[in-house]
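Dear colleague,

Here is the structure I promised to pass on. My notes follow below it.

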Amino acid sequence: MTTPVVSIAYHSGYGHTAVLAEAVRAGAADTGATVHLIKVDEISEAQWELLDASDAIIFGSPTYMGTASGAFHVFAEATSRRWATRAWQNKIAAGFSNSGSKSGDKLHTLQFFTVLAAQHGMHWVGLNLSPGWCSSTGSENDLNRLGFYLGAGAQTDTDQGPDGVHKADIATAEHLGRRIAEQTRIYVAGRAAV
């Protein structure tokens, strides 16, 4: 059985996105994947090499002013060296984001991640969950309670610290980690069989 290598490249301004990154890591690790957490605002050359050697890269950032954080944008621009050599071509990609409001324009952040992945020639994998909390029998404790398809979206009240990240959003992030690790395992095994 193939053991996929999954890296989570993320920025967390106030700690909320770090909670989600840890949940994504836990979900992927539950499948037996090798997982690396990489803070993009502190990235070292060795960590760039980990990203290059990964089978999948999951991008994570808070949504600030309708897009990924400035620190994540700096990282994204720095990936142009990888783009020039096609170092990330054919890797699996996914993403997650947190903001203070239910929407917060997190969709734009996830779309930013998809464009970044497409420029690198990566294969985007979405959440594959139906929207939760969208019927009279649903609740805020449903998986994918905010109804995102492209990736995991989370909402944390602006007056709450990292402990305030909603449990359903943590569970959704864990689901994302499991899904990406499982899809990467399938993809890598298929590539090896060709």
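Which residue in S4 is the bridge partner of Tyr 64? Thr 67 is. Bear in mind that the model is predicted.

That bridge belongs to the pairing of S3 with strand S4 (residues 67-68), which is antiparallel and has two bridges. Two residues separate these strands in the hairpin. Met 65 has a positive phi there, near 50°.

Strand S1 (residues 5-10) pairs with S3 in the parallel sense, over five bridges. S3 itself covers residues 56-64, and eight of its nine residues are buried.

Now the whole chain. There are six helices and seven strands. Their order from the N terminus is β-α-β-α-β-β-α-α-β-α-β-β-α. The radius of gyration is 16 Å; a compact globule of 194 residues would come near 16 Å, so the chain agrees with that rule. The C-alpha trace spans about 50 × 35 × 25 Å along its principal axes.

Of the 194 residues, 49% are buried. Take the contacts between residues at least 6 apart in sequence: 78% of them join residues at least 24 apart.

Last, the surface and the charges. The chain carries 14 positive and 18 negative side chains. The centres of these two sets are 6 Å apart.

Best wishes

Methods
Residues are numbered from 1 along each chain as its sequence is written. This is a predicted model: local features need pLDDT of at least 70, side-chain atom pairs count only at pLDDT 80 or more; totals for chains, interfaces and linings use all residues. Side-chain values use heavy atoms; hydrogens and water are left out. Helices (H or I, at least four residues) and strands (E, at least two) are DSSP runs, numbered from the N terminus. The radius of gyration is taken over C-alpha atoms; the globule rule is 2.2 Å times the number of residues to the power 0.38. Buried means under 20% relative accessible area, exposed over 50%, partly exposed in between (1.4 Å probe, protein chains only). Contact means heavy atoms within 4.5 Å. Lys and Arg count as positive and Asp and Glu as negative; His and the chain ends are not counted. The place of a charge is taken as NZ of Lys, CZ of Arg, CG of Asp or CD of Glu. Two strands pair if DSSP finds at least two bridges between them.
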